[in-house]
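Please keep the sequence and the model open while reading.

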Amino acid sequence: ITLLTADLKELEKKLTTAKRNAADLKEFQAKMKEAEAQFKMAMKKLPEKEEIPSLLTSISDSGQQVGLDFLLFEPRPETRKEFYAEIPVAMSIKADYHNLAIFFDQVARLSRIVNIRDIQIGQAKGKDDLELSTKCTAVTYKFVESPPTKKSKSKKKSGKRKRKK
């Protein structure tokens, strides 16, 4: 009787916890839907692999519309991170301060995520004292799905072997 009473109390505690969790289920489901919606919005801002050339073209076009002179526009190899890859583009630009600021603003307003980093600004050599020589790196990102792990495949194979026997 003592063992059964202890088991009953333990089961009643578990039941109370389960009831509390069941009451919170709708709240957790709503939070999950909100998180999924935010994830989808973030995914829309990350370009797909086939969109990268058009994104780079739109960056270049933004600069040319403002009147920048691109001395260098060189895509670099992508760098893989956990779930995304960085795609850097080295740029060397000749322009006045105002046009450079407009260009950076236009890049910030693109529908995809593009960061400008490693900015080095100096006075351009030439006739115009107002022109600046700018070196920077534009970095965009793309989502990278991780390949299935070998462990999951080997478990499936070993499970199939057991079934065949």
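## Strands β2 and β3

Arg80 stands opposite Ala85 in β3. The pairing of strand β2 (residues 79-80) with β3 is antiparallel and has two bridges, and a hairpin of three residues joins β2 to β3. Strands here are DSSP runs of E with at least two residues, and helices are runs of H or I with at least four, both numbered from the N terminus. Two strands count as paired if DSSP finds at least two bridges between them.

The model is predicted: local features need pLDDT of at least 70, side-chain atom pairs count only at pLDDT 80 or more, and totals for chains, interfaces and linings use all residues. Residues are numbered from 1 along each chain as its sequence is written, and side-chain values use heavy atoms, with hydrogens and water left out.

## The other partners of β3

Strand β3 (residues 84-96) pairs with strand β5 (residues 131-143) in the antiparallel sense, over 13 bridges. Within this pairing, Ala90 has Thr137 of β5 as its bridge partner, and Glu86 stands opposite Tyr141 in β5. Strand β1 also runs antiparallel to β3, and six bridges join them. Here the bridge partner of Phe73 is Met91 in β3.

How enclosed is β3 by the rest of the structure? Of its 13 residues, 10 are buried, so β3 is largely enclosed. Buried means under 20% relative accessible area, exposed means over 50%, and partly exposed lies in between (1.4 Å probe, protein chains only). In a regular strand the side chains alternate between the two faces of the sheet.

## Strand β5

Strand β5 also pairs with strand β4 (residues 114-123), in the antiparallel sense and over eight bridges. In this pairing Gln120 stands opposite Lys135 of β5.

Thr140 has its place in strand β5. With a relative accessible area of 2%, Thr140 is buried. The side chain of Thr140 reaches the backbone oxygen of Ile113 at 2.9 Å.

Phe143 also lies in strand β5. Phe143 counts as partly exposed, at 31% relative accessibility. Together with Phe39 and Phe83, Phe143 forms a nonpolar patch on the surface, with about 300 Å² of accessible area in total. Patches are made of residues with over 30% relative accessible area and no salt bridge; like charges are joined within 9 Å and nonpolar side chains (Val, Leu, Ile, Met, Phe, Trp, Tyr) within 5 Å. The areas come from the Shrake-Rupley method with a 1.4 Å probe, and for residues only the protein chains shown count as cover.

## Aromatic pairs

The structure holds four aromatic pairs. Why is the pair of Phe70 and Phe103 edge-to-face? The ring centres of Phe70 and Phe103 are 5.9 Å apart and the planes are at 80°, so the pair falls in that class. Rings of Phe, Tyr and Trp (its six-membered ring) pair if their centres lie within 6.5 Å; planes under 30 degrees apart count as stacked, over 60 as edge-to-face and the rest as tilted. This pair links distant parts of the chain, with Phe70 in strand β1 (residues 69-75) and Phe103 in helix α3 (residues 97-108), 33 residues apart.

Phe103 is buried, with a relative accessible area of 0%. Phe103 also pairs with Phe104, at 5.8 Å centre to centre and 45° between the planes, and this pair is tilted. Phe104 is buried as well as Phe103. Ring pairs link Phe70, Phe73, Phe103 and Phe104 into a cluster.

## Salt bridges

There are five salt bridges in the structure, each defined as a side-chain nitrogen of Lys or Arg within 4 Å of a carboxyl oxygen of Asp or Glu. One of them joins Glu10 to Lys14, with the closest N and O atoms 3.7 Å apart. Both residues lie in helix α1 (residues 2-45), four residues apart, about one turn of the helix. Glu10 is partly exposed, with a relative accessible area of 44%.

Lys31 forms a salt bridge with Glu27, where the closest N and O atoms are 3.4 Å apart. Lys31 and Glu27 are separated by about one helical turn because they are four residues apart in helix α1. Lys31 is partly exposed at 48% relative accessibility, and Glu27 is partly exposed at 44%. In the salt bridge of Asp105 with Arg109, the closest N and O atoms are 2.8 Å apart. Asp105 is partly exposed, with a relative accessible area of 34%, whereas Arg109 counts as exposed at 64%.

Conventions
Polar contact = N/O pair within 3.5 Å; in protein donor to acceptor, adjacent residues only side chain to side chain.
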